[in-house]
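Here is a short briefing to read alongside the model.

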Amino acid sequence: MSLEETIRETIFEWDEDKLKEICRSSIKKKQQSAAELLKIIGKVMQFIGKQFEDEEIFLPDLVGSANVVKNTIDEVLDPLIKESGESKETLGKVVIGTVEGDVHSIGKDLVGSFLFANGFEVFNLGEEVPASKFVDKAEELGAQVIGLSSLLTMSMGFQREVIKELNNRGLRDKYIVIIGGSPTSMEYAEEIGADGWADDAIEAVDLIKNLLSNNKK
Ligand code: B12
């Protein structure tokens, strides 16, 4: 069985202890880096999401799997990335969160973890974050980038609200604003006046690096 298959089975079985152990031991044995494990876990969650959409599994299955993944990222992978010194240089400060009205955390957490693993300082504001909080935090921390996640058609309008809030405070030019999440698109990013959009966590890293190196802000 490949590592990805073992991880998939473990997430399906909601075996949080086993998933944590797999992650700890593969990093310890230097078989995989924390960033590589995050990539595999992201793929598995996308697969599980597809199964849910195809009605092959049900809501409780999904919530169970999502919780196992969230706890493993929070309690094992993020701390191990920090400990192992995978991230040494600081390329910039990113404030990231899921917008108001939306509880989906996994995609945003993966983006945050990938950014961290690639040398950014990441401040994860959590879920259901009001527009004013994104702006307050970015100001308080001296961030360069604000990342907005939305998984719901119902909540994507709140990404626009954050940009409005920046405009209202005369701060729009100070920040690079990027958006993501399945109902969003490059066209939507342009429509609401964001600086960029990425389809997944890996693209998000390149996107921010490019935007920063173009010295847009
Ligand atoms: C897991 C899940 C849940 C879990 C969330 C648990 C958690 N802690 O996150 C639970 C069960 C709680 C949940 C609840 C609901 N959900 Co839900 N959920 C999903 C599911 C199956 C997977 C989402 C996920 O984690 N994907 C895996 C991650 C890795 O992928 P991702 O989120 O897309 O993120 C990647 C990219 O989008 C991108 N990205 C994400 N954020 C950002 C941010 C930035 C800045 C950038 C650059 C990139 C980026 O990079 C990520 C990593 O590669 C999706 C279906 C799907 N296939 O997406 C439905 C889905 C998103 N949910 C849906 C719905 C409707 C709901 C509910 C309203 C259901 C209900 N009736 O109660 C509630 C929402 C309540 C609320 N107020 O938010 C719909 C949304 C439809 C729509 N377009 O509006 C979907 C699409 C399912 C469906 N087909 O109906 N859900």
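In this predicted model, α3 gives the largest share of the shell around the ligand, with seven residues. The ligand lies between domain 1 (3-84) and domain 2 (93-213), because both of them give residues to that shell.

**Around the ligand**

- The shell holds 39 residues, and those that come nearest to the ligand are G49, G107, S149, G180 and D200.
- Two or more residues each come from α3, α4, α5 (106-117), β3 (145-149), β4 (176-180) and α9 (201-213).

**How the protein is divided**

- Domain 1 spans 3-84, and domain 2 spans 93-213.
- Taken over C-alpha atoms, the centres of domain 1 and domain 2 are 24 Å apart.

**Where the domains touch**

- Contacts between the domains involve twelve residues of domain 1 and nine residues of domain 2.
- On the side of domain 1 that touches domain 2, the elements giving two or more residues are α3 (34-53) and α4 (59-84).
- Here α4 provides the largest share, seven residues.
- By residue class, this side of domain 1 has nine nonpolar residues, one polar and two charged.

**Helices to keep in view**

- The largest share comes from α3 in the ligand shell, and from α4 on the side of domain 1 that touches domain 2.

Technical notes: Residues are numbered from 1 along each chain as its sequence is written. This is a predicted model: local features need pLDDT of at least 70, side-chain atom pairs count only at pLDDT 80 or more; totals for chains, interfaces and linings use all residues. Domain bounds come from an automatic or database domain assignment. Two residues are in contact if their C-beta atoms, placed from the backbone, lie within 7 Å. Helices (H or I, at least four residues) and strands (E, at least two) are DSSP runs, numbered from the N terminus. Ala, Val, Leu, Ile, Met, Phe, Trp, Tyr, Cys and Pro count as nonpolar, Asp, Glu, Lys and Arg as charged, and the others, Gly among them, as polar. A residue is near a molecule or strand if its C-beta atom, placed from the backbone, lies within 6 Å of it.
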